[in-house]
Amino acid sequence: DVDGHTNLDNVSVAGVSTFTGAITANGGVRVPDGDVNNNYISAGDSQDIKIYHDGSHSYIRDIGTGGLRITSNSFNVLNSSNGEAMITGTEDGAVKLYYDHNLRLETQTNKTLFRGSGGIAVYGDAGQNQNGQISIHPVGSAVYSNLFFYNAAGNSYASIIGHAGQTLFFTGGTNGPLRFRVNGSGFHSFQEGNTQRVTITAGGSVNIGADFTQTTYKLKVTG
């Protein structure tokens with residue numbers, strides 16, 4: 001007993017122990033492998049949160065009232081060697097997601113950036129007969145659904161605009177052509193509902209009204 005403190009080595013305590021005041025563990029706190037019921041570190045009146053390692057994985061399990069909140073002005077999830085970012089977040093700033101330390105998604109003041117040479121791929125649910133779908137929902141009145149296409153300098157050269165009056169506009173750049181391409185045996189098809197009205201084959205034959213597979217004439221009007 002030195003200055004009101006007792007120094008003990010290699011003490012084994014069975015059962016639940018209650019300590020008054022703070023506990024300082026200069027050598028760390030060690031808990032053997034366990035599960036949600038055994039060998040865990042807990043907090044809360046009803047052991048609301050538990051931390052444990054089961055021999056294969058580490059767990060932070062919140063099983064109490066309310067949710068799990070992590071508060072920080074800078075949040076970082078790094079790889080096991082502490083050398084590569086996986087997720088980062090800055091208070092009042094950007095959230096970033098990485099793949100193999102390469103930035104793939106970043107939030108900015110008024111938009112979200114997606115990066116990667118493969119672009120954006122949208123799939124239906126795995127194992128289900130579902131479409132891949134992108135929906136654009138404007139907010140307010142007299143607004144449009146817009147797709148703008150930019151060059152590397154950040155200049156918008158073309159656009160697709162869904163007008164509030166149910167008109168769809170395809171617009172090329174100033175003094176630039178608007179081109180529709182098909183290859184091989186493909187063809188352009190203009191339809192009313194599911195009824196085909198006009199086709200232009202890859203070979204340059206224009207068919208209006210019917211006989212949409214003919215390639216004998218450059219222009220054939222039926223009816």
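Biologist: Where does D92 lie?
Modeller: This is a predicted model. D92 has a positive phi of about 60°, although the residue is not a glycine. Its place in the chain is the loop between strand 5 (85-90) and strand 6 (95-99).

Biologist: Is D92 buried or exposed?
Modeller: The cut-off for exposed is over 50% relative accessible area. D92 has 83%, so the residue counts as exposed.

Biologist: Which loop holds Q47?
Modeller: Q47 is a residue other than glycine, yet its phi is positive, near 50°. Q47 sits in the loop between strand 1 (41-43) and strand 2 (49-53).

Biologist: How does Q47 count by relative accessibility?
Modeller: Buried means under 20% and exposed means over 50%, with partly exposed in between. Q47 has 32%, so its class is partly exposed.

Biologist: What is the volume of the largest pocket?
Modeller: Residues lining this pocket include V13, F19, I23, Y40 and I41. The volume of the largest pocket is about 480 Å³.

Biologist: How many charged residues are in the lining of the largest pocket?
Modeller: G15, S17 and S42 are among the lining residues; Gly counts as polar here. By class, the lining has nine nonpolar and three polar residues; the charged count is none.

Biologist: Which residues line the second largest pocket?
Modeller: This pocket holds about 330 Å³ of space. Its lining divides into five nonpolar, three polar and no charged residues. The residues are V11, S12, V13, S17, F19, I23, T24 and A25.

Note on methods: Residues numbered from 1 in each chain as written. Predicted model: local features only at pLDDT ≥ 70, side-chain atom pairs only at ≥ 80, totals over all residues. Heavy atoms only, no water. Helix = DSSP H or I, 4+ residues; strand = E, 2+ residues; numbered from the N terminus. Buried < 20%, exposed > 50% of the residue type's maximum accessible area, 1.4 Å probe, protein only. 1 Å grid on protein atoms, 1.4 Å probe; cavity = no way out; pocket = protein on both sides within 12 Å on 5 of 7 lines; lining within 4 Å. Points joined across faces, edges and corners; volume = space filled by probe spheres on them.
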